[in-house]
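Please open the model in your viewer and keep the selection tool at hand. We will go from stop to stop, and at each one I will tell you what to select and what is there.

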Amino acid sequence: MAKKNNVPQYVTPSGKVVTGPSKLNKPKSPYEVFHFINGLVFIIVCLIILIPIWKILVDSLDLTTGSGMRLFPEKFGFDGYVSIFTDKSLLLPLGISFLTTLCGTFLGLTLSTIGAYVLIQWEMPGRTLLGNLLMFTMIFSGGTIPTYIILNNLHLVNTLWVVILMPAINVYNLVLMRNFFEGIPASLFESASLDGCTPWQTFYKIALPLSKAALASIGLMFAVAYWNDYTNYRLYASDRNLYNLQMKLRDMISSSDQPSAVGSATENTIKNAVIITAILPFMILYPFLQKYFVKGINIGAVKE
Amino acid sequence: MQKTIAKERKPLGPRIKKYWQFYLLFIPVLAFVIVFHYMPMYGIVYGFTEYKVGQSPIWVGLDQFKKLFGIVAADATPIQKQLAALKAQPFWTAFGNTIVFSVIKLLLNTGFAVLISIFLNEMISTKFKKITQTIIYLPHFMSWVVTSSVFTLLLAVGQSGLVNNTLKSLGLINESVNYLAQPGTWKIWYYIINVWRETGWQTIIFMATLTGIDPGLYEAASMDGAGRVKKIQYVTLPALGNTIITVLILNLAKIMNLFESVFVLQNDAVRNATNVLQTLVYYEAFNSGAVPDLGYSVAIGLFRSMVGLLLMLVCNIASKKVRGRGIM
């Protein structure tokens, strides 16, 4: 607490008197030793992050069986990736991953925006009640087995429906969307309804076009969640025919399920190629869309 | 002002009528919440039954919880007491692990994230800073399955195991070690992998706070003769204080949710020693070998939910005290 109080002291005039003029306006030199070491430390940090990924990438393109650490593949070849597209047991999970991600993201965005749009109607009777009904699910849940039993009774277990529908209702994302909508001036909505727009028209002619950035952020959050989903599959849709890429990969690594070697691609090459395939879509998108990826967490941090 | 006037003027009936289209719009959202969140809550009643798969549930009251905690009647024989304690052992291990794993993970991630943010903030070259940020956020977008696969391959005993081969060539170890097959080394690598994946992402919130610091404070500090260390000590750290506490509270509220990160790194050799409550629920229900008693799994899950709820409420109060608003 004492340290905290020191901060404003620096702006008081009495503080300025204490310092000698020699230390005033000391120029920031980029050649200081500190900056050199600091830069070096961060290069090491980046290497720690990148080396594991680089190693997997190299191994996925290498057709030799022995594989220590090399910077580049010894015997270069795309056979590992080719086998993903020729082996049906690998192609199907890839297709399912794409299918569920596309459908799920669309559905998730639809539910989040509609829900958020209704929840910003300040004068609507029951608005608080509906909001609390959603919020409560964030702090208490029935748990995995009750969910399994109920879904089983609804004949949703071991269908693709469960892995598409269930993550689509995400209260956290809905709240983020609502916070964003709250930033839109209410007068815009009012004038639209005065001009004879129905609530639905106001929604897709005013609210949606004004929230493209938020839609991109939240859409990406949904897409990442769907693409990376493993838990819901493992718990509620663990049928081998419904595997997505994550399930397939997990089985391959925990070695209950070995891919058949295709051409000159070894098991190890294929495993590495599947890992790279599982991260590739977002690695390609990420550098271009980084601000949208990062924005989500910031909307949440500023207003919650 | 206008809002209150409008509220006073219009009675409830016409207002409901005015908003009927919005209620209609909300129906799909409500349907999803009810089916996927509220209906499963009804399933909690199975925690008070014995529910063998393929049979109908039998009401047993609190027996599942007694079995869970290892509570026996006062007049039980020593053998019965021992047996009950033995049966309750997996639960207590899992409960302990849930808390220990989450808390250590939280402290490590937050600590490293704060350190990285502070030094990243000192960096002059904005280009280098941006590249660094891009790279350290990267692992967050890899699923836990991918993360565990990457490290399983890196830590492998065979030729492809990068870690073992590097350590061997450095002369630090003689024999390859199967790190993920021993509980001790498994836990260490669990923390390392978590730091690798999450620390960078956690810096976002600290970096946002740091960019919000008034540069005038740093200038004033320089005029007072403060060096880099003093500036970090008296300007940067106090500014981060509230954010650190907020991050700790927000994450503490969620520690009972631990599942996927542990589950995908587990293997048969370390399972019993590294179970957390959620993984125990899974193994009891889906992978226990015998005919599973779903009632027991539901009871574990219910206990977990209740502790989670309690933590949420406590953290909410703490949050209101510290930063003037709740987390919910």
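Chain B averages 89, and 97% of its residues score at least 70. Among the elements of this chain, helix α1 (residues 2–9) has the lowest mean pLDDT, 51, while helix α12 (residues 260–263) has the highest, 96. Helices here are DSSP runs of H or I with at least four residues, strands are runs of E with at least two, and both are numbered from the N terminus.

A word on how to read the tour: this is a predicted model, in which local features need pLDDT of at least 70 and side-chain atom pairs count only at pLDDT 80 or more, while totals for chains, interfaces and linings use all residues. Residues are numbered from 1 along each chain as its sequence is written, and chains are lettered from A and ligands numbered from 1 in the order in which they are written. For the model, the scores are ipTM 0.89 and pTM 0.88.

**Chain A, overall**

Two residues are in contact if their C-beta atoms, placed from the backbone, lie within 7 Å. Residues 300–304 of chain A are also below 50, with four contacts beyond near neighbours in sequence. Where pLDDT is low, the predicted coordinates should not be read in detail.

Switch to a cartoon view, and you will find 15 helices and zero strands in chain A. Of its 304 residues, 39% count as buried, meaning that 20 or more other C-beta atoms lie within 10 Å of a residue's own; with 12 or fewer a residue is exposed, and in between it is partly exposed, all with C-beta atoms placed from the backbone.

**Helix α3 of chain A**

Select residues 33–60 of chain A, which form helix α3.

**Where two helices cross**

Next, show α5(A) together with helix α14 (residues 245–253) of chain A: they pack at an angle of about 140°, with their axes 7 Å apart. From α5(A), the contact uses L90(A), P93(A), L94(A) and S97(A); from α14(A), it uses L245(A), M247(A) and K248(A).

**The meeting of the chains**

Show both chains. Here, 85 residues of chain B are in contact with 86 residues of chain A. Which helix gives the largest share of chain B's side? That is α3(B), with 13 residues.

Zoom in on this helix, residues 20–42 of chain B, and look for a kink of about 40° centred on I34(B). Its buried residues include F22(B), F26(B), V29(B) and V33(B). Among the elements covering the buried residues of α3(B) are α5 (88–119) and α6 (127–139) of chain A.

Pick M138(A), in helix α6 of chain A. M138(A) and Y172(A) are 34 residues apart in sequence and 7.7 Å apart in space, C-alpha to C-alpha. Leaving aside neighbours within four places in sequence, M138(A) is in contact with V171(A) and Y172(A).

Then go to the loop between α7 and α8 of chain A and select H155(A). Although not a glycine, H155(A) has a positive phi of about 60°.

Last, click P90(B), which lies in helix α5 (residues 78–122) of chain B. P90(B) counts as partly exposed, with 17 C-beta neighbours inside 10 Å.

Note on methods
pLDDT = per-residue confidence, 0-100. Bend = angle between axes of the 7 residues up to and from the residue. Expected span 1.5 Å × (residues − 1). Axes fitted to C-alpha atoms, helices over the stretch in contact; angles between N-to-C directions.
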